[in-house]
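I opened my notebook to look at one structure today. Here is the entry that goes with it.

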Amino acid sequence: MSKNKPIFVTQPDLPDLNEFVDKLSLIWNSKILTNNGPNHKEFEDALKKHLNVQNLSVYSNGTIALLAALKALNLKGNIITTPYSFVATSHAIMWNGLTPVFADVCAHNGNLNPEKVEELIDEETTAIMPVHVYGYPCDIDAYERLAEKYNLKIIYDAAHCFDIKRKDDNKSILLEGDLSVLSFHATKAFNSIEGGAIISRDAGLIDKVNLLKNFGFRNEVEIEGIGINGKMNELQAAFGVLQLSDVEENISKRKKVFEAYVELLRNVEGISVFTSIGDYCSNYSYLPILVNEEYRLNRDELYLYLKEHEIYARRYFYPLISDLEAYKEILTNRNNILPVATDLSEKILCLPIYSSLSIDEVKLICNLIK
Ligand code: T4K
């Protein structure tokens, strides 16, 4: 197969354009564009049903949702988190005037290592913010134990976790911890262009984050707390509603792409697909590979080689957040010991995966790697 267009790490799914135009006509007629309108309500209700959760609040994007989730818990002091994530994770901690303390991650799934977390807990620690990286589940039981033992809050950055459910009973991963935060960014397995949501078992907390996303307004005259504007507008909510009807089919297309990669890369020396989904169903949103010493190029050389062929793989997550200039000041010696995260950030490359990627394109990418 010859390739005639660049292949990016992802491409968003889009709803049927005519159906979206029909929704837009209704919005045009109603002139309700935002502030928790009918599409926003429909989107929240549909998401609750689809994700099998009772308490959920839709937000304008995942980052503002992370900010509000932390704010809702009224935290002080230090939050132990991972350096191996998208910058939004610890940016949200900093924007709340809190201090991120970075612990190392597990080699098998890239997630925050609860044993390393426990070593760092002290009297300043008030919460832990792990990330289910690539939608691979964290050690949930370990965090539950730590929360109980040290009286800490757990906020999961679940940006990658749309439709991640336990295989045996369909329980959503979003019901773990005190709060979980999803992203519906265009690059995610499910998107509403931009968007996000906060989920909790605790209805009272979701009531709080509902207020926080609208400046704190309880009603016209009562303003509870220092809120923000995190509302999703009606156009995006309508887009999201339409996307929901296709998401299962889109994930099953991603699964075929994922399986094709696994098969085609099976015997390539020094390359392994980095996957660790445990008892959960995957949404196949990322295709991370580990580029080991036995491979003839290092990770960055492979990244550049693919780029020369207009295959735009991405180094999610490099550089480590803890290595960014903006975080230098808050680091202490203990934070600098992150060997596993450092190793992963130098060896992982995320290959293109999306529902409309053809198997021929996967073959082309794998042949280049071979
Ligand atoms: N926590 C975690 C763990 C996250 O991964 C993220 C976001 C967040 C929190 C914050 O959630 P949000 O506030 O974003 O809802 C992307 C995304 O912008 C970001 O949402 C995502 N994580 C992160 C992992 O990846 P970039 O800088 O890689 O995106 P960009 O623009 O380079 O896009 C990658 C490729 O996707 C492009 O080469 C082409 C394709 N693309 C992209 C967009 C935006 C399209 O085809 N269409 C598009 O509209 O950050």
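I count a contact when heavy atoms lie within 4.5 Å. This is a predicted model, where local features need pLDDT of at least 70, side-chain atom pairs count only at pLDDT 80 or more, and totals for chains, interfaces and linings use all residues. Residues are numbered from 1 along each chain as its sequence is written, and side-chain values use heavy atoms, with hydrogens and water left out.

**Asn 191**

I looked up Asn 191 in the loop between strand E7 (179–183) and strand E8 (196–199); strands are DSSP runs of at least two residues, numbered from the N terminus. Is Asn 191 buried or exposed? Asn 191 is buried, at 2% relative accessible area; buried means under 20%, exposed over 50% and partly exposed in between, with a 1.4 Å probe and protein chains only. Leaving out residues up to four places away in sequence, Asn 191 touches Pro 12, Asp 13, Phe 184, His 185, Ala 186, Phe 239 and Gln 243. A polar atom of the Asn 191 side chain is 3.0 Å from the backbone oxygen of Asp 13.

**Ligand**

Thr 63 has a side-chain N or O atom 2.6 Å from a ligand oxygen. For Asp 157, a polar side-chain atom sits 2.7 Å from a ligand nitrogen. Ser 183 places a polar side-chain atom 2.7 Å from a ligand oxygen. The ligand alone exposes 920 Å², and the protein buries 75% of that.

How values were computed. Polar contact = N/O pair within 3.5 Å; in protein donor to acceptor, adjacent residues only side chain to side chain. Areas by Shrake-Rupley, 256 points an atom, 1.4 Å probe, with all protein chains shown as cover. Helix = DSSP H or I, 4+ residues; strand = E, 2+ residues; numbered from the N terminus.
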